[in-house]
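Subject: A structure for you to explore

Hi there,

Here is the structure I promised to pass on to you. Have a look around in the viewer, and then read on for what turned up.

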Amino acid sequence: MARQPQLLDQWGRPVQRSSLRQEVSAPTIGGVRSPLSGYPADGLTPDRLAVILREADAGDPVRYLELAETIEERDPHYLGVLGTRRRSVCQIEISVEEGGDSAHDLAMAELVRDWLDRDELADETFDILDAIGKGYSFTEILWDTSMGQWQPARLEYRDPRWFRFARHDLATPRMIGAGGQEEALPGFKFIFARMRAKSGLALRSGLARIATWGWMFKAYTQRDWAIFTQTYGQPIRIGKYGPEADEKDRETLFRAVANIGGDCAGIIPDSMLIEFIEAKSIGSSTDHYERRADWLDRQISKAVLGQTATTDAETGGLGSGKEHREVQKDIEAADCKALAAILNRDLVRPWMDLEFGPQRAYPRIRIARPEPEDLKAFSEAIGPLVDRGLRVATADVLAKFGLPEAAKKAEILHPQGQIPAQMPPDPAPGDATPPESEFEYRLNTRLGLARPLAALQTDRPSAGRTAALAPAQDRLASEAALPVGEMIDRIELMLEAASSLEEAREMILAAWPDLSTDGLVEVLAEAFLAAHAGGRALVEDEGDG
């Protein structure tokens with residue numbers, strides 16, 4: 001029995017095939033990989049945030065990752081722009097390019113294409129793109145070997161809190177084992193995705209690193225806004241009591257005032273005076289909270305989408321049109337290339353190695369939005385080129401416009417003002433007329449529409465002919481006018497009905513056997529005979545002279 005080749009992962013470590021058949025990073029309640037999360041965002045202050053980020057920089061990212069998760073849950077704007085960026089990539093159609101031209105290369109590419117045609121793929125890639133926010137993500141590959149083959153059964157997103165980075169470089173990913181110890185990632189088992197918002201360590205390259213500060217400042221603004229609204233958004237209720245009121249009366253009055261609503265209530269004696277100093281321009285001082293919150297949202301939009309036109313643009317705003325969309329397209333293209341590279345490295349190549357062994361060339365996943373083609377410019381350019389003899393296949397033109405080939409009996413569109421050719425009626429039963437080609441049909445329907453023939457005898461004779469041959473030439477032109485005119489009219493009808501030079505050629509070739517030349521042959525034969533006799537007579541006359 002042939003020994004299977006030893007496979008190496010991207011870090012040069014041997015791959016243990018036996019471990020690939022097991023799920024190695026599933027969550028467990030009460031275990032080291034608990035799905036329950038903490039909430040470090042509660043009561044967050046600048047000092048606490050700085051401590052959380054320093055912990056992540058030192059290799060302990062748990063609280064930073066929990067904070068990033070909480071921000072997505074509590075900030076609709078950040079969730080919206082981040083989700084837009086992720087969904088714009090995971091919904092683009094994925095194509096596969098062959099690694100070569102051999103049958104084996106084509107078979108490998110087709111295997112990958114069949115697997116990619118799955119409804120779950122969009123959700124799986126969306127989870128992989130969690131790396132855009134946090135800087136990195138881990139996805140476990142669950143392999144299917146039920147029929148002796150190697151094939152990914154599904155891709156399972158794993159919480160990045162269950163992984164660490166090696167302390168010596170803070171770059172090599174490691175997994176938290178069942179006993180809580182850090183272990184090397186099993187080869188060919190995980191998709192390790194890094195999506196850099198900036199260069200540097202994975203722990204510092206995610207968009208959440210920037211969003212944490214903006215979210216904290218906006219949380220302060222929203223808290224102050226809520227306090228201001230509660231304080232000045234409802235009337236202050238004052239209950240007054242006289243000097244004869246006892247303690248019980250004062251308590252009853254206070255309960256009555258307090259139960260009206262809110263905490264802005266109090267009681268004072270008639271002899272006392274409380275002066276309330278209100279801020280000037282209180283009506284216009286409330287919008288600075290909203291302006292600050294909107295400004296922070298715009299900064300998040302710029303960080304995530306590279307622009308603000310799709311979230312915060314004002315109607316008619318300068319620069320809020322096509323230029324901003326171009327920026328978003330650039331970011332989308334970069335995300336597509338990064339995701340394709342990750343899938344090729346951590347999914348396609350390991351799969352082909354497990355199934356077929358190491359290869360010289362591998363199929364490659366390509367993720368790109370198709371560029372829209374200017375069909376108007378194409379149609380305007382191709383017409384003159386065809387008129388000048390360029391050979392263009394009809395199927396290629398139809399494919400450009402996404403049109404199917406028209407059926408033979410389908411109703412065909414024609415240029416405005418052009419009379420479409422009519423198909424001849426079906427032959428009656430027993431009719432011995434042989435079948436005709438599609439070109440002959442269009443030709444034969446118009447044979448009765450020949451225009452009046454030009455009188456060829458009206459052409460002036462050439463000055464070089466002799467006086468003796470002039471009568472014969474005039475007679476030949478007169479008698480040949482009818483058969484020649486019929487042939488010319490028939491060919492003109494073909495050229496008028498044809499849509500290309502190639503079609504006209506096929507029509508002429510198809511109709512050539514049916515072109516009647518008997519009349520012309522008879523006229524030419526008589527003319528040649530008369531010319532020969534006339535020539536002999538002229539020679540004899542000159543000899544006698």
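Let's begin inside the protein, keeping in mind that this is a predicted model. The largest cavity has a volume of about 30 Å³, and a search of the whole structure finds one cavity of 30 Å³ or more. If you want to find the spot, select R85, S88, L305, Q328, I331, E332 and D335, the residues that line the cavity. Two elements, α4 (76-90) and α12 (322-356), each give two or more residues to this lining. The biggest contribution comes from α12, with four residues. What kinds of residues make up the lining? Sorted by class, there are three charged, two polar and two nonpolar residues.

Next, salt bridges. How many does the structure hold? The count is 31.

The side chain of R158 meets that of E23 in a salt bridge, with 2.6 Å from N to O.

E140 is buried, with a relative accessible area of 0%.

There is also a network to look for: E69, E72, R86, D130 and K134 are joined into one by salt bridges that share partners.

Another pair worth a click is R118 and E124, a salt bridge whose closest N and O atoms are 2.9 Å apart. R118 counts as buried at 18% relative accessibility, because the cut-off for buried is under 20%. E124 counts as buried as well, at 6%.

Finally, turn to the surface. L385, L390 and V392 form a nonpolar patch there, and together they have about 220 Å² of accessible area. V392 lies in the loop between α13 (375-387) and α14 (394-401). With a relative accessible area of 33%, V392 is partly exposed.

Enjoy exploring!

Best wishes

Technical notes. Residues numbered from 1 in each chain as written. Predicted model: local features only at pLDDT ≥ 70, side-chain atom pairs only at ≥ 80, totals over all residues. Heavy atoms only, no water. 1 Å grid on protein atoms, 1.4 Å probe; cavity = no way out; pocket = protein on both sides within 12 Å on 5 of 7 lines; lining within 4 Å. Points joined across faces, edges and corners; volume = space filled by probe spheres on them. Nonpolar A, V, L, I, M, F, W, Y, C, P; charged D, E, K, R; others polar. Patch = residues over 30% accessible without salt bridge, like charges linked within 9 Å, V, L, I, M, F, W, Y side chains within 5 Å. Areas by Shrake-Rupley, 256 points an atom, 1.4 Å probe, with all protein chains shown as cover. Salt bridge = Lys/Arg side-chain N within 4 Å of Asp/Glu carboxyl O. Buried < 20%, exposed > 50% of the residue type's maximum accessible area, 1.4 Å probe, protein only.
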